[in-house]
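Subject: A structure to look through

Dear colleague,

I am passing a structure on to you, and below it you will find some notes on what turned up in it. Please keep the sequence and the 3D view open while you read.

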Amino acid sequence: MSEIIMQIDGIEVAAEEGMTVLDAAQKAGISIPTLCYLETLEPYGACRLCTVEVEVRGRTNLVAACLYPVEKDLIVRTRTEKVDKIRKMILELLLAHAPVARGLKMQEYAEEYGADKNRFEKEPSFCIQCGLCVRYCAEIKKKNAICFVNKGPSREIQFIPEIAAKECWSCTECFPLCPTEYLQGVFVLTKALAFPSAPMGPTVEE
Amino acid sequence: MPRINSAAELEELRKGILAQKDPDKPCISVCAGIACLGSGNAEVLSAFEEEIKKQSLDAKVDLIATGCHGFCEKGPIVVIYPEEICYLEVTPEDVPEIISQTILGKQVIDRLIYTDSDTGTKAAHQSEIPFYKNQSRLLIGNSPKINPKSIEDYLAVGGYSALSKALFEMSPEGVLDEIKKANLRGRGGGGFPAGSKWETTRNAQPGVDKYVIVNAHEGEPGAFMDRALFTGNPHLILEGLIIGAYAIGSHQGFIYTRHDTPVLRKNLDLALAQAKEYGFLGDNILGSGFSFNVDVHLDVGIFVSGESSALMKSIEGMPPEPRPKYIRTSVTGIWDRPSNLNNVETWANVPQIISNGYEWYSSIGTERSKGTKLISLSGNIVNSGVVEVPMGTSLREIVFDFGGGIPNGKKLKAIHFGGPMGGTIPESLIDTPLDFDELSKLGASLGAGDMLVLDEDTCMVEMARLFLDFLAGESCGKCVPCREGMRQMLKILTNMTQGEGKEGDIKLLEEISGVVGEAALCSLGRSIQKPLISMLKYFRDEFEAHINEKRCPANACKELN
């Protein structure tokens, strides 16, 4: 494979064709925050926390590092004022759903970017819809026991009772993937199995 | 009907169709557009059928249900050819009189023709009515004259001659060159040059199958021109698509449309079957050696499926979620193959460019926006409907000359373009020409051509809220900026309209908008803030009044006044 020389935060980085900006940065030891990314899964591009600024032939653009392919002479800036502002806002928007996230990542990021967890009115569902559980079940376990339902702001995760009843208790591998709360998966699964015809989604009040 | 096997055979057939038509035979054209359907054209149609039968006039008069005539406000519309006498707001009770007076007696019925409500001036012929008079109905003008279910009607108005010209007199490169030189820009909203897009797909992945697609997923509230054109004249779009496929080197096309437009689907299926039967589709089209097929694909009922990559996912049979990858669909689209997507109106422009040449086409419009544009006029306007005007026409003309101004003596406040992803401009900018770039500069991109006219009683805060509320049900909800940004913006705006706006709300809205506009995953996500931003630009004081004085300057927010 041909080597691609590019620049990340002023440092010259060697990448390989087919890599993403995130791959190249990780290889060079430059950290870019992610919530919906997992090495073993297809990049998803949903949380947008890995947004970075790229410059190609003098034109700059904001892109998701987990998806943007590397190319020769690409210039990447991972911490511009704009990038930080975007990350801070994304975290604040998510903290409204998971204000007491026990997952370490969310707390660390919130501190690093100065995100105020009280900026937006709280709707604690604990789910930030990173899709890690959904995609892990589909891509790795190939069971599709958990999926997304609904659209727009009412999008939620939901176990499919018929599949979950057979597959989930012996697996539970998706629980620890959750960036907010291990018990989130437990709760949604229990709810799906105990009340298969209850209104969809993890929040009781809805 | 046997297949047509050459250009000469096509012209022979056309001659035969025209020879059978008696130019003096009366033809009653009843608009069967979607608005006229709603105002009772079905009853009018059956009254005509009955009356014709009763008076045994079957052989002496033709009756056709056509596509949209455009003047939706005054439907059901009936036009009588060859005189082109136009009757408005026709009821079944008027029908016997129309038959006896106009068809048999050649008399115009005064009370059914257009009367100007201010001056009392009357107009008996369609082309004399102010709404129609100064339009350039290059695309939609044939709709009142043809039965969308009849390919022969389309052939009678010169249909498929552009295809024949392209296949037999031009190379694919020549066709591509013509479209590029004509500077045809995409009518779906982006205004991207169609020729460049075609060329990208043509040159992408050599040896791999390529696709051409009609985006007929017109989903914005207030946009109804594509449906009007496609339902009324499906062969026009089909002809454009086949020509495009020839230029691009594609042998498979898709028409992506809505599941909830059954009339369009019916006409489309029929048009495809007829085109196949006559040899305009299938193997060895018109004996040229070029082969091309088309399939229709229906959406699953969500606005985001009109986004190019989501649309292609949907055709693949997957949920219509926009693809997050940084590759163009023109290079890597359906099943990762090069796929060229254009909207209905863009394809409809192709046949006339091929027939008349790029020089003719580029003589219409402005320097950088060529041709005509279909506009669906709605909102607080006297004449809601579909108009077609040359690019460069001033908004003032559209609103006041074609649209007839604002009803109930109210003042014009603003014009909103492009639905929930578009923008609003204030009345003071009404002399702006209809032009992709001029409007973009003002923060109100033309969009697909839907123009919502707003009068002085409209609250802009409520309008901004309304558009976001619509999008909340239509976004896929995958990425955080769009899903969560929308949720918070909607909350803030709802609070404002209920007298619970807080200091700092405007700044917060702008901050969220900035993040959504730059960080969302797809073009829908990156546009959800656009109406709000344009309204904040031109009507900031209204937002401030809602917050600071708990007052709605338009007296529209019930909880504030």
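I begin with a pair in chain B: B:Glu345 and B:Lys373 form a salt bridge in which the closest N and O atoms are 2.5 Å apart, a salt bridge being a side-chain nitrogen of Lys or Arg within 4 Å of a carboxyl oxygen of Asp or Glu. B:Glu345 lies in helix 14 (residues 344-356) of chain B and B:Lys373 in strand 11 (residues 372-379) of chain B, so the pair ties together parts that are 28 residues apart in sequence; here helices (H or I, at least four residues) and strands (E, at least two) are DSSP runs, numbered from the N terminus. B:Glu345 has a relative accessible area of 0% and is buried, and B:Lys373, at 0% relative accessibility, counts as buried as well, where buried means under 20% relative accessible area, exposed over 50% and partly exposed in between (1.4 Å probe, protein chains only).

Before going further, please note that this is a predicted model, in which local features need pLDDT of at least 70 and side-chain atom pairs count only at pLDDT 80 or more, while totals for chains, interfaces and linings use all residues. Residues are numbered from 1 along each chain as its sequence is written, chains are lettered from A and ligands numbered from 1 in the order in which they are written, and side-chain values use heavy atoms, with hydrogens and water left out.

Over all chains, the structure holds 42 salt bridges. In one of them the side chains of A:Lys143 and A:Glu167 meet at 3.7 Å, N to O; A:Lys143 lies in the loop between helix 4 and strand 6 of chain A, and A:Glu167 in helix 5 (residues 161-167) of chain A, so this pair ties together parts that are 24 residues apart in sequence. A:Lys143 is partly exposed, with a relative accessible area of 36%, and A:Glu167 counts as partly exposed at 25%.

Another salt bridge joins the side chains of B:Arg465 and B:Glu462 (3.0 Å, N to O), and both residues lie in helix 18 (residues 460-472) of chain B, 3 residues apart, about one turn of the helix. An α-helix has 3.6 residues a turn, so residues three or four places apart point the same way. B:Arg465 is buried, with a relative accessible area of 16%, whereas B:Glu462 counts as partly exposed at 25%.

Turning to chain A, its domains are domain 1 (3-78), domain 2 (80-124) and domain 3 (132-194), with bounds that come from an automatic or database domain assignment. The centres of domain 1 and domain 2 of chain A, taken over C-alpha atoms, are separated by 22 Å, and their contact (heavy atoms within 4.5 Å) takes 14 residues from domain 1 and 12 residues from domain 2 of chain A. How many salt bridges are there between domain 1 and domain 2 of chain A? The count is 0.

Finally, the buried residues of helix 4 (residues 132-140) of chain A are A:Leu132, A:Cys133, A:Val134, A:Arg135, A:Tyr136 and A:Cys137, and they pack against strand 6 (146-149) and strand 7 (156-159) of chain A. Helix 4 of chain A is followed by A:Lys142, whose phi is positive, near 55°.
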